[in-house]
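Q: Please take a close look at one part of this structure and walk me through it. Keep it brisk, and give the cut-offs as you go.

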Amino acid sequence: MIIDCHCHAGRGDVMTAPWNTDAPLETYFRRAGYAGIEHTVVFPAFHTDYSEANRELAGIVARWHPRLIGFAMVNAKSDAGRVHEMLHEAVIRLNLKGLKIHGFEAMPTREVCEAARAFNLPMIVDVAGKAHVIDMFAPQYPDVNFIIPHLGSFADDWRAHERVIEQLARYPNVYSDTSGVRRFDYLVQAVRRAGAGKLIFGSDGPWLHPGLELHKIKLLGLPPKEEALILGGNAYRLIFSREAGRSRSFVQKRKRKHEPG
Ligand SMILES: [Zn+2]
């Protein structure tokens with residue numbers, strides 16, 4: 001099963017660039033269908049009100065059921081103080097399955113990480129080239145799984161790619177998506193150093209072509225089992241193996257209980 005783990009959907013309200021104006025899916029669906037992509041993770045375009053954007057997104061996910069998997073967005077800065085409440089609505093009422101944070105707005109705070117942990121949500125964090133912040137939040141929240149888009153930089157910052165590859169190898173809870181990575185050898189290096197279990201196919205649709213992005217994974221020429229992990233296996237496990245996550249935090253809580261006081 002092929003899952004595209006990075007696509008935008010719905011309207012933004014800022015209207016100064018494509019990514020904060022509108023992310024229409026009609027063309028994306030045609031291209032993704034032709035490429036054999038069965039499911040797609042979608043999250044809102046940039047918005048000044050993510051409660052509203054998350055609701056619109058949930059409507060789009062419902063309309064295209066079962067093709068889409070929705071992730072909520074919050075702005076760690078402007079939504080400070082109500083992140084848990086927003087995720088409660090996103091998970092319980094809107095049936096969204098994960099969280100997306102964009103470092104262009106604000107990096108994940110403790111409030112955001114703790115809410116993600118409470119609802120056991122995988123968190124996509126676009127660090128916008130600032131890969132050093134991963135060294136702060138990833139070890140602080142070892143039971144939260146972080147997916148870093150574009151190997152750390154949509155803008156081809158090779159220093160960020162180098163650092164994220166090293167972080168993939170070092171932190172069990174850090175993953176990266178492949179969307180928009182232009183220098184192909186960084187994808188090759190990521191698999192070599194961190195293994196196929198740490199890379200996740202994403203297209204950054206509807207603005208990038210999902211078939212073109214998917215072809216990059218095929219060009220890695222991996223054994224079928226490893227290729228399948230990148231194309232959908234890893235994403236499926238992170239999004240849907242919540243029971244595994246729950247029992248893990250349960251074990252940790254029990255351990256803590258028995259620690260000397
Ligand atoms: Zn994107």
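A: **Strand pairing and its surroundings**

Phe146 has Val174 in β8 as its bridge partner. The model is predicted: local features need pLDDT of at least 70, side-chain atom pairs count only at pLDDT 80 or more, and totals for chains, interfaces and linings use all residues. Residue numbers start from 1 along each chain as its sequence is written. Strands (E, at least two residues) and helices (H or I, at least four) are DSSP runs, numbered from the N terminus.

Start with β7 and β8. Three bridges join them, and they run parallel. Two strands pair if DSSP finds at least two bridges between them. Strand β6 (residues 123-126) is joined to β7 (residues 146-148) by two bridges, and these strands also run parallel. Ile124 stands opposite Ile147 in β7.

Now the side chains of β8 (residues 174-177). Val174 and Ser176 point one way, Tyr175 and Asp177 the other way. All are buried. A residue is buried if 20 or more other C-beta atoms lie within 10 Å of its own, exposed if 12 or fewer, and partly exposed in between, with C-beta atoms placed from the backbone.

Next, the core. The largest nonpolar core has 76 residues. Such a core is a set of buried Ala, Val, Leu, Ile, Met, Phe, Trp, Tyr and Cys residues joined through C-beta atoms within 7 Å. Val74, Leu99, Met123, Phe146 and Ala190 have the most contacts inside it. Helix α9 (residues 224-240) gives the most to this core, with six residues. Ala190 touches Leu151, Ile165, Leu168, Ser176 and Leu199, leaving out residues up to four places away in sequence. Contact here means C-beta atoms, placed from the backbone, within 7 Å.

Then the loops around the strands. Between β1 (3-11) and β2 (22-23) lies Asp13. Asp13 counts as partly exposed because it has 13 C-beta neighbours inside 10 Å. Asp13 touches His47 and Thr48, not counting residues up to four places away in sequence. Asp13 and Val181 are 168 residues apart in sequence and 27 Å apart in space, C-alpha to C-alpha.

Check the backbone there too. Most residues other than glycine have a negative phi, and most peptide bonds are trans. Met15, also in the loop between β1 and β2, has a positive phi of about 60 degrees although it is not a glycine. Met15 is exposed, with 10 other C-beta atoms within 10 Å. Asn120 lies in the loop between α4 (110-118) and β6. Its phi is near 55 degrees, again positive. Asn120 is partly exposed, with 19 other C-beta atoms within 10 Å.

Two cis peptide bonds are worth a look. One runs from His65 to Pro66, with omega near 5 degrees. Pro66 sits in the loop between α2 (50-63) and β4 (68-73). Another joins Gly205 and Pro206, with omega about 0 degrees. Pro206 is in the loop between β9 and α8.

Terms used:
Two residues are in contact if their C-beta atoms, placed from the backbone, lie within 7 Å.
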